Amino acid sequence: MSSFVTDVMAEVKAKNPAEPEFHQAVREVLESLTPVIERHPEYRSARLLERLVEPERVIMFRVAWQDDQGGIHVNRGFRIEMSSAIGPYKGGLRFHASVNLGILKFLAFEQVFKNSLTTLPMGGGKGGSDFDPKGKSDNEVMRFCQAFMSELFRHIGPNTDVPAGDIGVGGREIGFLFGMYKKLRNEFTGVLTGKGLGWGGSLIRPEATGYGAVYFAQEMLATRGESLEGKTCLVSGSGNVSQYTVEKLIQLGACPVTLSDSNGYIYDEKGITKEKLAFVMDLKNARRGRIREYAEKYAGAVYVPADSRLDHNPLWDHAAHCAFPSATQNEINGKDAGNLLKNGVFVVSEGANMPTTTEGVARFLDAKILYGPGKAANAGGVATSGLEMAQNSMRMSWGRQEVDGRLREIMANIHQACAQTAERFGTPGNYVNGANIAGFLKVADAMMDQGLL
Ligand code: NDP
């Protein structure tokens, strides 16, 4: 790292103590940007990096709500409006007990570069709450969403900030949030994406992140003249991204063998089929049960409970060709990365955001495998949100094939932009540098054009 980048990093740590995920995300981007800053001294004198690591606005608020027994709960709500250089703030809302300011700042920071990579006009933001939807009734989730929106509505709007879903925020939650926004503002606008099809949603939006991560893997494999056909794939998580990753893998003739939730994972050596996936979708989206039930239903599948005493995740220790981490941040550490490489994995396409630790990323890059970082590989979700915004503005809906076709094209373009930029800056095959630099350049030029803000 150059001394300039070291100085910026030191300032970030001093100003944002106790936010290790934010430090990790910033460090990775700054390391990639060293050659850019050397070639563009004007970015340095305009203090672009120092400005980019400071959110344009952070909103933090109380969310008080009542459970079904009348008990009162207080959660914390957040919206990080990171950068509006190239469009309205855009990024998901996460409802999970682990949510805190630092985690949302890391996600909002990554979102700026990811959104830029999609080539659509979207700035970066992220938000959410430490509310845990697990075990809550539909009515409790509704009351929470309404309480959350009764503050957030002041800060968002179709031309200002357009949230979407993320962990713990799916179609049900978007419905409750949208309903409350509409009531408070007395207007029906495309203020959220991931909406239901009957009220402004886009076909393929639920599928987009998972499908996109698979399309990105296809593009990486094509550079070596290979395809996904017949490849054994490890997938983590069992939510939105994982489900549609598995669906697309099956369609393309690959063999997904794992899924997980926070309690453990299943390994199905025979492969997760279309029928088994339908069971998982019902289990997770309707019955809201645990992945353990998969192994109870299908003979031959093994359930392994999570063990926090282990220094690695055994899900990543099975023979396979490809891995699609699709649960949460830092789910692949250095040891896991070593296990993946030892077991023959040579493609990693990240559906989740920052699922690999700094040490894990270094191992993938050293081994020169096809490693697609989340910023690029999971950008299909926000790209299709951008397509939903476009359809809302035109008051039109495109067909399934049209949206899927655009998604495929966007993923191919993102892949090409990352590959070409990595090559141009002297690190061919390094999609981390490619994604960070290509994402940064567009935002940087917009900031230069718009003056000191
Ligand atoms: P969901 O809430 O639908 O699913 C999340 C899955 O990951 C669940 O199986 C959940 O298990 C598991 N999980 C979550 N947190 C943890 C944890 N701390 N430890 C172990 N398992 C965990 O979320 P999504 O599928 O939407 O999101 C998954 C990842 O993809 C996230 O990193 C998200 O930021 C990223 N992403 C999502 C996009 C989208 O469009 N939805 C777009 C781009 C990225 P459990 O139910 O037990 O908590």
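Biologist: At what angle do helix α6 and helix α7 pack, and how far apart are their axes?

Modeller: Two packed helices are described by the angle between their axes and the distance between the axes. This is a predicted model, in which local features need pLDDT of at least 70, side-chain atom pairs count only at pLDDT 80 or more, and totals for chains, interfaces and linings use all residues. Residues are numbered from 1 along each chain as its sequence is written. Here, α6 (residues 138-152) and α7 (residues 171-185) pack at about 45°, with axes 9 Å apart. Helices are DSSP runs of H or I, at least four residues, and strands are runs of E, at least two, numbered from the N terminus. Axes are lines fitted to C-alpha atoms, for helices over the stretch in contact, and angles run from 0 to 180 degrees between N-to-C directions.

Biologist: Which residues of α6 and α7 make the contact?

Modeller: Residues are in contact if their C-beta atoms, placed from the backbone, lie within 7 Å. From α6 come V141, M142, C145, Q146, M149 and S150; α7 supplies R172, E173, F176, L177, M180, Y181 and L184. Nine of the contact residues are nonpolar, two polar and two charged. Ala, Val, Leu, Ile, Met, Phe, Trp, Tyr, Cys and Pro count as nonpolar, Asp, Glu, Lys and Arg as charged, and the others, Gly among them, as polar.

Biologist: How many helices and strands are there in the protein?

Modeller: The protein has 17 helices and 13 strands. Its C-alpha trace spans about 65 × 55 × 45 Å along the principal axes.

Key. Two residues are in contact if their C-beta atoms, placed from the backbone, lie within 7 Å.
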